[in-house]
Amino acid sequence: MAERKPAPSEMKMPEELRVDRAAVEKWLLTEVIEKLKRWSPPYCQRLFQEDDLIELCYRAREAFWRDNTMLTVEAPIKVCGDIHGQYEDLLAIFDIAGWPPATRYLFLGDYVDRGPFSLECISMLIALMLAYPDKIFLLRGNHESRPVNMQYSVRLYETFQTVFYVMPLCAVISNRIMCMHGGISEDLSDLKQLERIERPCDIPDIGVIADLTWADPDDKVTGYVESPRGAARIFGKDALEAFCKQHQLELIARAHQVVQDGFLFFGDRMLVTIFSAPFYCGQFDNSGAIMDVDRDLKISFHVFRPELIKKRSEFIAEGATNTSDKANPDGAATGAPPPANASRATTPL
Ligand SMILES: [Mn+2]
(Lines give C-alpha, C1' and ligand atoms only; values in the text may rest on other atoms or scores of the structure.)
Protein backbone atom coordinates (compact mmCIF):
# COMPACT_ATOMS: atom_id res chain seq x y z
CA MET A 1 0.00 0.00 0.00
CA ALA A 2 2.88 2.34 -0.78
CA GLU A 3 0.97 5.35 -2.05
CA ARG A 4 3.62 7.96 -1.63
CA LYS A 5 5.84 8.09 -4.68
CA PRO A 6 9.49 7.59 -3.88
CA ALA A 7 11.48 10.71 -4.59
CA PRO A 8 14.00 10.29 -7.40
CA SER A 9 16.75 10.56 -4.82
CA GLU A 10 15.28 7.63 -2.88
CA MET A 11 15.16 5.20 -5.74
CA LYS A 12 18.84 4.34 -5.59
CA MET A 13 19.55 5.32 -2.05
CA PRO A 14 23.15 4.79 -1.05
CA GLU A 15 23.77 2.73 2.07
CA GLU A 16 24.99 5.68 4.12
CA LEU A 17 21.72 7.51 3.47
CA ARG A 18 19.73 4.47 4.54
CA VAL A 19 21.59 4.57 7.83
CA ASP A 20 20.83 8.26 8.08
CA ARG A 21 17.16 7.60 7.45
CA ALA A 22 17.08 5.10 10.29
CA ALA A 23 18.63 7.73 12.52
CA VAL A 24 15.99 10.25 11.47
CA GLU A 25 13.21 7.76 12.22
CA LYS A 26 14.71 7.10 15.64
CA TRP A 27 14.88 10.84 16.30
CA LEU A 28 11.24 11.27 15.25
CA LEU A 29 10.00 8.43 17.42
CA THR A 30 12.05 8.99 20.56
CA GLU A 31 12.72 12.73 20.59
CA VAL A 32 9.57 14.12 19.03
CA ILE A 33 6.62 11.71 19.13
CA GLU A 34 7.37 10.21 22.55
CA LYS A 35 7.87 13.66 24.06
CA LEU A 36 4.62 14.83 22.57
CA LYS A 37 2.79 11.77 23.88
CA ARG A 38 4.01 12.57 27.41
CA TRP A 39 2.98 16.19 27.01
CA SER A 40 0.92 18.05 29.56
CA PRO A 41 -0.14 21.72 29.52
CA PRO A 42 2.56 23.05 31.91
CA TYR A 43 5.26 21.84 29.48
CA CYS A 44 3.80 23.55 26.43
CA GLN A 45 6.55 26.18 26.18
CA ARG A 46 9.43 23.91 27.18
CA LEU A 47 9.00 20.74 25.12
CA PHE A 48 11.40 21.47 22.28
CA GLN A 49 14.37 23.50 21.28
CA GLU A 50 13.57 25.85 18.43
CA ASP A 51 16.09 24.01 16.24
CA ASP A 52 14.19 20.72 16.69
CA LEU A 53 11.03 22.28 15.33
CA ILE A 54 12.83 23.93 12.44
CA GLU A 55 14.36 20.56 11.52
CA LEU A 56 10.86 19.06 11.64
CA CYS A 57 9.55 21.83 9.36
CA TYR A 58 12.30 21.37 6.78
CA ARG A 59 11.65 17.66 6.56
CA ALA A 60 7.87 18.18 6.37
CA ARG A 61 8.23 20.74 3.61
CA GLU A 62 10.27 18.30 1.56
CA ALA A 63 7.72 15.51 2.10
CA PHE A 64 4.72 17.68 1.19
CA TRP A 65 6.45 19.09 -1.84
CA ARG A 66 7.21 15.61 -3.10
CA ASP A 67 3.50 14.74 -2.93
CA ASN A 68 0.96 15.70 -5.53
CA THR A 69 -1.49 18.53 -4.87
CA MET A 70 -4.19 15.84 -4.95
CA LEU A 71 -3.23 12.75 -2.95
CA THR A 72 -4.37 9.31 -4.00
CA VAL A 73 -5.00 7.07 -1.01
CA GLU A 74 -6.65 3.70 -0.48
CA ALA A 75 -9.21 2.55 2.08
CA PRO A 76 -9.28 1.52 4.89
CA ILE A 77 -8.61 4.89 6.44
CA LYS A 78 -10.03 7.21 9.10
CA VAL A 79 -10.84 10.80 8.07
CA CYS A 80 -10.55 13.64 10.61
CA GLY A 81 -11.87 17.20 10.38
CA ASP A 82 -10.78 20.39 12.14
CA ILE A 83 -8.52 20.05 15.20
CA HIS A 84 -7.80 23.78 15.81
CA GLY A 85 -5.16 23.51 18.48
CA GLN A 86 -7.21 21.20 20.74
CA TYR A 87 -4.21 18.97 21.41
CA GLU A 88 -5.76 16.99 24.28
CA ASP A 89 -8.60 16.05 21.96
CA LEU A 90 -6.15 15.02 19.25
CA LEU A 91 -4.41 12.71 21.74
CA ALA A 92 -7.82 11.34 22.72
CA ILE A 93 -8.68 10.61 19.08
CA PHE A 94 -5.50 8.56 18.69
CA ASP A 95 -5.93 6.83 22.06
CA ILE A 96 -9.49 5.91 21.23
CA ALA A 97 -9.44 5.17 17.49
CA GLY A 98 -5.86 3.84 17.30
CA TRP A 99 -2.41 5.34 16.76
CA PRO A 100 -0.52 5.24 13.48
CA PRO A 101 0.95 3.07 12.07
CA ALA A 102 -1.66 0.46 13.12
CA THR A 103 -4.48 2.82 12.12
CA ARG A 104 -4.31 4.97 8.99
CA TYR A 105 -5.48 8.59 8.91
CA LEU A 106 -6.32 11.40 6.52
CA PHE A 107 -6.62 14.83 8.18
CA LEU A 108 -8.57 17.56 6.39
CA GLY A 109 -6.71 20.61 7.69
CA ASP A 110 -7.13 23.41 10.27
CA TYR A 111 -4.66 22.03 12.78
CA VAL A 112 -3.84 25.48 14.17
CA ASP A 113 -5.49 28.62 15.58
CA ARG A 114 -8.42 29.05 17.97
CA GLY A 115 -7.41 26.35 20.48
CA PRO A 116 -4.51 26.75 22.90
CA PHE A 117 -1.98 24.22 21.59
CA SER A 118 -1.57 24.73 17.86
CA LEU A 119 2.14 24.04 17.89
CA GLU A 120 1.72 20.66 19.59
CA CYS A 121 -1.00 19.63 17.11
CA ILE A 122 0.92 20.47 13.96
CA SER A 123 4.20 19.11 15.35
CA MET A 124 2.68 15.76 16.34
CA LEU A 125 0.88 15.36 13.01
CA ILE A 126 3.96 16.27 10.98
CA ALA A 127 6.18 13.95 13.03
CA LEU A 128 3.75 11.04 12.61
CA MET A 129 3.53 11.72 8.87
CA LEU A 130 7.32 11.71 8.55
CA ALA A 131 7.68 8.55 10.65
CA TYR A 132 4.85 6.69 8.88
CA PRO A 133 4.50 8.23 5.41
CA ASP A 134 2.02 5.63 4.13
CA LYS A 135 -0.15 5.71 7.23
CA ILE A 136 -0.99 9.35 7.82
CA PHE A 137 -1.84 12.05 5.27
CA LEU A 138 -2.36 15.76 5.92
CA LEU A 139 -4.29 18.22 3.75
CA ARG A 140 -4.16 21.99 3.98
CA GLY A 141 -6.99 23.94 5.59
CA ASN A 142 -7.73 27.64 5.29
CA HIS A 143 -5.96 28.22 8.60
CA GLU A 144 -2.72 26.77 7.27
CA SER A 145 -1.86 30.19 5.89
CA ARG A 146 -2.28 32.39 8.93
CA PRO A 147 -0.52 32.92 12.23
CA VAL A 148 0.30 29.66 14.00
CA ASN A 149 1.20 31.37 17.22
CA MET A 150 4.01 33.62 18.22
CA GLN A 151 5.10 31.92 21.42
CA TYR A 152 8.46 30.68 20.13
CA SER A 153 9.74 33.25 17.68
CA VAL A 154 9.14 35.03 14.43
CA ARG A 155 11.74 32.78 12.85
CA LEU A 156 9.77 29.69 13.78
CA TYR A 157 6.49 31.22 12.69
CA GLU A 158 7.94 31.97 9.26
CA THR A 159 9.32 28.43 8.99
CA PHE A 160 5.89 26.90 9.60
CA GLN A 161 4.47 29.12 6.85
CA THR A 162 6.91 27.53 4.38
CA VAL A 163 5.47 24.14 5.35
CA PHE A 164 1.86 25.23 4.95
CA TYR A 165 2.54 26.70 1.53
CA VAL A 166 3.36 23.30 0.02
CA MET A 167 0.69 21.12 1.67
CA PRO A 168 -1.61 19.04 -0.54
CA LEU A 169 -5.06 20.53 -1.10
CA CYS A 170 -7.25 17.45 -1.56
CA ALA A 171 -7.24 13.65 -1.65
CA VAL A 172 -9.25 10.93 -3.34
CA ILE A 173 -9.85 7.70 -1.42
CA SER A 174 -10.06 4.58 -3.62
CA ASN A 175 -11.16 6.68 -6.64
CA ARG A 176 -14.58 7.30 -5.07
CA ILE A 177 -14.42 9.66 -2.08
CA MET A 178 -12.95 13.12 -2.64
CA CYS A 179 -11.73 14.89 0.48
CA MET A 180 -10.79 18.51 1.07
CA HIS A 181 -11.02 21.10 3.85
CA GLY A 182 -13.57 23.48 2.31
CA GLY A 183 -15.51 22.27 -0.69
CA ILE A 184 -15.95 21.74 -4.41
CA SER A 185 -15.15 24.29 -7.09
CA GLU A 186 -16.93 25.19 -10.29
CA ASP A 187 -13.53 26.07 -11.73
CA LEU A 188 -12.36 22.49 -11.34
CA SER A 189 -13.56 20.84 -14.54
CA ASP A 190 -10.75 18.30 -14.77
CA LEU A 191 -8.89 16.91 -11.75
CA LYS A 192 -5.71 17.07 -13.82
CA GLN A 193 -5.83 20.85 -13.34
CA LEU A 194 -4.59 20.18 -9.81
CA GLU A 195 -1.30 18.87 -11.17
CA ARG A 196 -0.63 22.29 -12.64
CA ILE A 197 -0.97 24.21 -9.39
CA GLU A 198 2.41 25.59 -8.54
CA ARG A 199 3.51 25.30 -4.94
CA PRO A 200 4.58 26.97 -2.70
CA CYS A 201 1.48 29.15 -2.82
CA ASP A 202 -0.67 31.25 -0.56
CA ILE A 203 -4.45 30.81 -0.51
CA PRO A 204 -6.14 33.41 -2.72
CA ASP A 205 -9.71 34.71 -2.26
CA ILE A 206 -11.15 33.15 -5.41
CA GLY A 207 -10.55 30.14 -7.61
CA VAL A 208 -9.87 26.43 -7.14
CA ILE A 209 -7.44 26.75 -4.20
CA ALA A 210 -9.81 29.12 -2.38
CA ASP A 211 -12.79 26.81 -2.93
CA LEU A 212 -10.93 23.68 -1.82
CA THR A 213 -9.94 25.36 1.45
CA TRP A 214 -12.84 27.79 2.13
CA ALA A 215 -16.09 26.78 0.34
CA ASP A 216 -19.24 25.63 2.15
CA PRO A 217 -22.40 23.78 1.07
CA ASP A 218 -25.72 25.61 1.47
CA ASP A 219 -29.13 24.10 0.77
CA LYS A 220 -30.62 27.53 0.12
CA VAL A 221 -28.51 28.30 -2.94
CA THR A 222 -28.56 27.07 -6.50
CA GLY A 223 -25.26 26.54 -8.28
CA TYR A 224 -22.39 28.56 -6.86
CA VAL A 225 -22.67 31.99 -5.23
CA GLU A 226 -20.32 34.30 -3.39
CA SER A 227 -19.56 33.22 0.18
CA PRO A 228 -20.43 35.44 3.13
CA ARG A 229 -16.99 34.46 4.52
CA GLY A 230 -15.43 36.82 2.01
CA ALA A 231 -13.41 34.10 0.30
CA ALA A 232 -14.42 31.34 -2.11
CA ARG A 233 -18.04 30.38 -2.82
CA ILE A 234 -20.95 28.50 -1.35
CA PHE A 235 -22.56 25.77 -3.43
CA GLY A 236 -25.96 24.13 -3.66
CA LYS A 237 -27.09 20.54 -3.96
CA ASP A 238 -27.38 20.82 -7.75
CA ALA A 239 -23.76 21.94 -8.01
CA LEU A 240 -22.69 19.05 -5.80
CA GLU A 241 -24.60 16.53 -7.93
CA ALA A 242 -23.05 17.87 -11.10
CA PHE A 243 -19.55 17.83 -9.61
CA CYS A 244 -19.82 14.22 -8.38
CA LYS A 245 -21.25 13.07 -11.71
CA GLN A 246 -18.60 14.89 -13.70
CA HIS A 247 -15.74 13.40 -11.70
CA GLN A 248 -17.38 9.99 -11.04
CA LEU A 249 -17.35 10.45 -7.28
CA GLU A 250 -19.73 8.92 -4.74
CA LEU A 251 -19.00 11.15 -1.77
CA ILE A 252 -17.37 14.46 -0.89
CA ALA A 253 -15.87 14.51 2.63
CA ARG A 254 -14.95 17.94 3.97
CA ALA A 255 -14.51 19.79 7.27
CA HIS A 256 -14.46 23.56 7.95
CA GLN A 257 -17.83 24.00 9.75
CA VAL A 258 -18.79 23.17 13.31
CA VAL A 259 -21.55 20.58 13.25
CA GLN A 260 -23.39 19.64 16.43
CA ASP A 261 -22.94 15.86 16.19
CA GLY A 262 -19.41 15.98 14.74
CA PHE A 263 -20.64 14.97 11.31
CA LEU A 264 -23.50 16.09 9.09
CA PHE A 265 -24.68 14.88 5.69
CA PHE A 266 -25.76 17.23 2.92
CA GLY A 267 -27.39 16.77 -0.47
CA ASP A 268 -28.81 13.23 -0.25
CA ARG A 269 -25.66 12.03 1.50
CA MET A 270 -23.41 13.01 -1.36
CA LEU A 271 -21.42 15.22 1.00
CA VAL A 272 -20.47 14.90 4.64
CA THR A 273 -19.00 17.55 6.93
CA ILE A 274 -16.64 16.17 9.59
CA PHE A 275 -15.58 18.28 12.56
CA SER A 276 -13.18 16.71 15.06
CA ALA A 277 -12.79 19.40 17.73
CA PRO A 278 -15.42 18.64 20.42
CA PHE A 279 -16.58 21.43 22.73
CA TYR A 280 -15.08 23.78 20.16
CA CYS A 281 -13.22 26.71 21.72
CA GLY A 282 -14.98 25.86 24.98
CA GLN A 283 -17.95 27.79 23.61
CA PHE A 284 -19.95 25.13 21.76
CA ASP A 285 -21.28 21.87 23.18
CA ASN A 286 -20.70 20.06 19.89
CA SER A 287 -19.43 16.51 19.63
CA GLY A 288 -16.36 15.71 17.58
CA ALA A 289 -16.38 12.93 15.00
CA ILE A 290 -14.06 11.06 12.71
CA MET A 291 -15.17 9.02 9.70
CA ASP A 292 -14.08 5.44 9.27
CA VAL A 293 -13.86 4.19 5.68
CA ASP A 294 -13.51 0.42 5.59
CA ARG A 295 -12.02 -1.78 2.88
CA ASP A 296 -15.38 -1.98 1.07
CA LEU A 297 -15.83 1.81 1.27
CA LYS A 298 -18.57 1.49 3.87
CA ILE A 299 -18.43 4.50 6.14
CA SER A 300 -19.21 4.87 9.82
CA PHE A 301 -18.44 7.49 12.44
CA HIS A 302 -16.71 7.58 15.79
CA VAL A 303 -18.48 10.29 17.77
CA PHE A 304 -16.83 11.89 20.79
CA ARG A 305 -19.05 13.69 23.25
CA PRO A 306 -17.45 16.73 24.86
CA GLU A 307 -18.07 15.55 28.39
CA LEU A 308 -16.51 12.17 27.63
CA ILE A 309 -13.48 13.08 25.62
CA LYS A 310 -11.63 14.36 28.65
CA LYS A 311 -11.64 10.85 30.07
CA ARG A 312 -9.73 9.62 27.01
CA SER A 313 -10.50 5.97 27.54
CA GLU A 314 -14.20 6.20 26.90
CA PHE A 315 -15.42 5.53 23.41
CA ILE A 316 -18.91 5.80 22.09
CA ALA A 317 -19.60 2.67 20.10
CA GLU A 318 -22.32 0.17 19.50
CA GLY A 319 -20.57 -2.74 21.13
CA ALA A 320 -17.55 -4.99 21.05
CA THR A 321 -18.18 -6.41 17.61
CA ASN A 322 -17.92 -3.28 15.53
CA THR A 323 -15.04 -3.12 13.08
CA SER A 324 -13.54 -0.07 14.73
CA ASP A 325 -12.79 -2.11 17.83
CA LYS A 326 -10.99 -4.75 15.81
CA ALA A 327 -8.96 -2.11 14.09
CA ASN A 328 -7.80 -0.71 17.38
CA PRO A 329 -4.70 -2.56 18.56
CA ASP A 330 -4.30 -0.36 21.60
CA GLY A 331 -7.48 -1.79 22.99
CA ALA A 332 -8.69 1.64 24.02
CA ALA A 333 -12.10 0.85 22.60
CA THR A 334 -13.30 -1.70 25.05
CA GLY A 335 -16.72 -2.21 23.55
CA ALA A 336 -18.43 -0.99 26.67
CA PRO A 337 -22.14 -0.36 26.19
CA PRO A 338 -22.71 3.06 24.66
CA PRO A 339 -23.94 5.85 26.90
CA ALA A 340 -27.50 6.95 26.39
CA ASN A 341 -26.44 9.95 24.36
CA ALA A 342 -24.30 7.91 21.95
CA SER A 343 -24.88 8.55 18.30
CA ARG A 344 -23.44 6.57 15.45
CA ALA A 345 -24.38 6.47 11.82
CA THR A 346 -23.47 3.97 9.18
CA THR A 347 -24.10 4.50 5.56
CA PRO A 348 -23.22 2.18 2.71
CA LEU A 349 -21.75 3.82 -0.35
MN1 LIG B 1 -11.59 25.99 8.16
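A nonpolar core is a set of buried Ala, Val, Leu, Ile, Met, Phe, Trp, Tyr and Cys residues joined through C-beta atoms within 7 Å. A residue counts as buried if 20 or more other C-beta atoms lie within 10 Å of its own, as exposed if 12 or fewer do, and as partly exposed in between, with the C-beta atoms placed from the backbone. The model is predicted, and local features need pLDDT of at least 70, side-chain atom pairs count only at pLDDT 80 or more, while totals for chains, interfaces and linings use all residues. Residues are numbered from 1 along each chain as its sequence is written.

**Exercise 1. The chain and its core**

Determine how many helices and strands the chain has, and which residues of the largest nonpolar core touch the most other members.

Solution. Begin with the elements: the chain holds ten helices and 15 strands, where helices (H or I, at least four residues) and strands (E, at least two) are DSSP runs, numbered from the N terminus. Next consider burial, for which 44% of the 349 residues of the chain count as buried. The largest nonpolar core has 93 residues, and within it Val79, Cys179, Ile274 and Met291 touch the most other members. Helix H5 (residues 118–131) gives this core its largest share, namely ten residues. Finally, look at Val79 itself: leaving out residues up to four places away in sequence, Val79 touches Leu106, Leu108, Cys179, Ala253, Ile274, Ile290, Met291 and Val293, a contact being two residues whose C-beta atoms, placed from the backbone, lie within 7 Å. As background, nonpolar side chains in soluble globular proteins tend to be buried together.

**Exercise 2. Two helix pairs**

Work out how H3 and H5 cross, and how H3 and H6 cross.

Solution. Two packed helices are described by the angle between their axes and the distance between the axes. Axes are lines fitted to C-alpha atoms, for helices over the stretch in contact, and angles run from 0 to 180 degrees between N-to-C directions. Angles under 35 degrees count as roughly parallel, over 145 as roughly antiparallel, 65 to 115 as roughly perpendicular and the rest as oblique.

Take the pair with H5: the axes of helix H3 (residues 50–66) and H5 come within 10 Å and cross at roughly 55°, and H3 and H5 are therefore oblique to each other. The contact is made by Leu53, Leu56, Arg59, Ala60 and Ala63 of H3 together with Ser123, Ile126, Ala127, Met129 and Leu130 of H5.

Then take the pair with H6: the axes of H3 and helix H6 (residues 154–164) come within 8 Å and cross at roughly 15°, which makes H3 roughly parallel to H6. Here Glu50, Leu53, Ile54, Cys57, Ala60, Arg61 and Phe64 in H3 meet Leu156, Thr159, Phe160, Thr162 and Val163 in H6.

**Exercise 3. Backbone features in loops**

Locate the cis peptide bond at Pro76 and the one at Pro101, then decide whether Asp110 is buried or exposed.

Solution. Most residues other than glycine have a negative phi, and most peptide bonds are trans. A cis bond joins Ala75 and Pro76, with omega about 5°, and Pro76 lies in the loop between strand S1 (70–73) and strand S2 (77–80). The bond from Pro100 to Pro101 is also cis, with omega near 10°, and Pro101 lies in the loop between helix H4 (87–97) and strand S3 (105–107). Asp110, which is not a glycine, has a positive phi of about 60° and sits in the loop between S3 and H5. Asp110 is buried, because 27 other C-beta atoms lie within 10 Å. Phe279, likewise not a glycine, has a positive phi of about 50°, and its place is in the loop between strand S12 (271–274) and strand S13 (288–293). Phe279 counts as partly exposed because it has 19 C-beta neighbours inside 10 Å.
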